[in-house]
Amino acid sequence: MSKLNPLLHQELRLSIVSFLAGVETADFKKLMEVTQATKGNLSVQISKLQKAEYITIAKSFKGSYPHTNCALTPKGEKDFEIYLKELKELLNI
Amino acid sequence: MEPTKSIEIIEGMLLESKKSLHRNSFYFLVWGFLLVPAGIAEYYLQGKPLFMMIWPIVGMVGGVISMLYGRKESKRVGAETTGDRVTSYTWGAFLVTMFIGIGYTTYNGLSPHTIILLLAGMATFISGGISKFTPFVIGGILLQVAGIICAFVLEPSYHSLVFSAGIFVGYVIPGILLRRSENV
């Protein structure tokens, strides 16, 4: 189990990356809704994923409200595929 | 975290992302309920002064309603899939080509219904394929059939009635069916 990518092998970060793998972009509110995470915890985890260049974060304004949009990067996509492959090998599926 | 838990998370999240997020039935129903009576009205008002004014009025009303709803929806949904992007590009291309087609046909004294039905059929067919919603695939084919009838079978004075019938089977009926599935 130790060889699994530790950045992805964490519940909330894996949820974020898995969701983003299925869509092109998702905003902060949507990620909060699908992951059921708190605002603070989600902020911390998406920052870690951004630092690792797994996701991009685009901040803008929708009307007078700040809007944060996240998307998976090619690096994030590639490492997610590797993680999935290793996971399947580990479970023999 | 156990590897089995990881698999559960991945499956759950991918399933969540594949859910139909946008409620597209609204657009088909709004345009359907505007265009069907407009086509019938055109048939009965043919030859009367300013009867063609029905279309710019209907176009403006539908356009404003669709734009306001689209803005509200994008705020609510909060995510965009490749399918959403392909769908919006398809309908964007439909709109531009339709205006060019209307300009070309009216300039040359032809009925514009044929080109609109053929284009609407193509866009509806693609939308149905992307969303895997068969009633729209069938609706798209029926719109094309209505376009062929206008092009080769009936004289122009009946085109507006064929147009209304085409929109009814291509937009309204699949729109109602989609609305029901969205409300489940």
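1. R76(B) and E73(B) form a salt bridge in this predicted model, with their closest N and O atoms 2.7 Å apart. Here a salt bridge is a side-chain nitrogen of Lys or Arg within 4 Å of a carboxyl oxygen of Asp or Glu. Both residues sit in helix α3 of chain B, three residues apart, so about one helical turn separates them. Helices (H or I, at least four residues) and strands (E, at least two) are DSSP runs, numbered from the N terminus. R76(B) is partly exposed at 38% relative accessibility, whereas E73(B) is buried at 3%. Buried means under 20% relative accessible area, exposed over 50%, and partly exposed in between (1.4 Å probe, protein chains only).

2. On the basis of the model: it is predicted, local features need pLDDT of at least 70, side-chain atom pairs count only at pLDDT 80 or more, and totals for chains, interfaces and linings use all residues. Residues are numbered from 1 along each chain as its sequence is written, chains are lettered from A and ligands numbered from 1 in the order in which they are written, and side-chain values use heavy atoms, with hydrogens and water left out.

3. Chain A has a salt bridge of its own. E33(A) pairs with K30(A), and the closest N and O atoms are 3.3 Å apart. Both lie in helix α2 (residues 28–35) of chain A, three residues apart, about one turn of the helix. E33(A) is partly exposed at 45% relative accessibility. K30(A) is buried, with a relative accessible area of 8%.

4. Over all chains, the structure holds five salt bridges. Two of them cross the interface of chain B and chain A. In one, the side chains of E24(A) and R85(B) meet at 2.7 Å, N to O. In another, E11(A) meets K5(B) at 3.8 Å, N to O. That pair runs from helix α1 (residues 11–22) of chain A to helix α1 of chain B. E11(A) is partly exposed at 43% relative accessibility, and K5(B) is partly exposed at 31%.

5. How much area is buried between chain B and chain A? About 2100 Å², with carbon and sulfur atoms giving 66%. Buried area is the accessible area (1.4 Å probe) that two parts lose on being put together, summed over both. M1(B), I10(B) and M13(B) supply 26% of what chain B buries against chain A, more than any other three residues.

6. In contacts (heavy atoms within 4.5 Å), 24 residues of chain B meet 27 residues of chain A. Eight residue pairs across the interface are in polar contact, both at pLDDT 80 or more. A polar contact is a pair of N or O atoms within 3.5 Å; within protein, one must be able to donate a hydrogen and the other to accept it, and residues adjacent in sequence count only if both atoms are side-chain atoms.

7. Which elements of chain B each supply at least two residues of the side that touches chain A? They are α1 (3–18), α3 (54–77), β1 (79–80) and α4 (82–107). The largest share, 12 residues, comes from α1(B).

8. A strand pairing also links the chains. Two bridges join β1 (residues 25–27) of chain A to β1(B), and the strands run antiparallel. Strands pair if DSSP finds at least two bridges between them. T25(A) has E80(B) as its bridge partner.

9. Chain A has four helices and three strands, in the order α-β-α-α-β-β-α. Of its 93 residues, 44% count as buried.
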